[in-house]
Amino acid sequence: MKKKIISLLYLILICIGIEYETKTYTYGELSGKAYGVIGLAALLALLYIVPAFLLIFYFRKKWKTPLFSLAIAFLGGLFIAGWTSALANTYIHDGVSTLSISWLNDLESAIVAPLVEEPLKLIGVAFALYLIPVKNFKSILLLGIGAGFGFQISEDFSYILSDMSEGFSFAISGILGRVFGSIASHWLYTGLTTLGLTLMIRYRKKNASNFRTGLIYFLAAFILHFIWNSPLSSIETEIPLVRPILSALAIFIFFQAYQTAAKLDKDQLSLSF
């Protein structure tokens, strides 16, 4: 009975998200030109979405991750984390604006986005682990990747809509920037938080070293997200340095997380919650 109630709650949240994410396109409020821009931007977004899907499904098969569990996590990131974080970010922005504190306004996106988005992206993972548990750490990492990837797609399309007001070239350049930046984005952050939190929960009383490792991965996602959204990432140099270094650092930490998951899977044949 409890699982049925949780399943119903998940479906309700998903259906709210579908309505929330699609209402702008289906209410007839956009011009024909706007639909054309959205269509072109969507095609450009497929430059990373399609290869990413293929990689995720490749590792799903290799790591024996249940398809429905991965789907629950992905849809949770796409249709639950998307609208809940959008509302939370909006309400917090309105509150911060009333304070009129210049330094807080400058760092609002860097502070608020990680604190709001990273926990909400874990909702899809939590539903997936409860409804269809997985058996290894690499699969848990993949669920985090799937949830983050779903959120990443949702956020991309929200930026397409917001960028259209600045003109065609701005909208296209914006999605191209997000395509190139997808190499180290939400899929990576949520993979780190998911694995990190799992290690912290599982080893909080059993293994202090693994607990600390999990804490490092968990906090790393927030820190990387903070720096990426901060004014630091906008520093321009003759040779691009800041964002490439951040991306390289994020990928390096993620690879360490994968190695941790792989090592623990060798030591443990099954994982249960």
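How many helices and how many strands does the protein have? In this predicted model, the protein has nine helices and zero strands. Its radius of gyration is 19 Å, close to the 19 Å that the globule rule gives for 273 residues, so the protein is as compact as a globular protein of that length.

**Overall fold**
- Along the sequence, the elements follow the pattern α-α-α-α-α-α-α-α-α.
- The C-alpha trace spans about 55 × 45 × 40 Å along its principal axes.
- Among contacts with a separation of 6 or more, 80% come from residues 24 or more positions apart.

**Burial, surface and charge**
- Buried residues make up 47% of the 273 residues of the protein.
- The accessible surface comes to about 14500 Å², and 70% of it belongs to carbon and sulfur atoms.
- The protein carries 21 positive and 16 negative side chains, with the centres of the two sets 22 Å apart.

**Helix 9**
- Helix 9 covers residues 242-267, a run of 26 residues.
- From the first C-alpha of helix 9 to its last, the distance is 38 Å, close to the 38 Å expected at 1.5 Å a residue.
- The buried residues of helix 9 are Val242, Leu246, Ser247, Ala250, Ile253, Phe254, Ala257, Thr260, Ala261, Ala262, Leu264 and Asp265.
- An α-helix has 3.6 residues a turn, so residues three or four places apart point the same way.
- The packing partners of the buried residues in helix 9 are helix 5 (137-163), helix 7 (186-203) and helix 8 (208-229).

Methods:
Residues numbered from 1 in each chain as written. Heavy atoms only, no water. Helix = DSSP H or I, 4+ residues; strand = E, 2+ residues; numbered from the N terminus. Expected span 1.5 Å × (residues − 1). Buried < 20%, exposed > 50% of the residue type's maximum accessible area, 1.4 Å probe, protein only. Contact = heavy atoms within 4.5 Å. Rg over C-alpha atoms; globule rule 2.2 N^0.38 Å. Areas by Shrake-Rupley, 256 points an atom, 1.4 Å probe, with all protein chains shown as cover. Lys, Arg positive; Asp, Glu negative; His and termini not counted. Charge placed at Lys NZ, Arg CZ, Asp CG, Glu CD.
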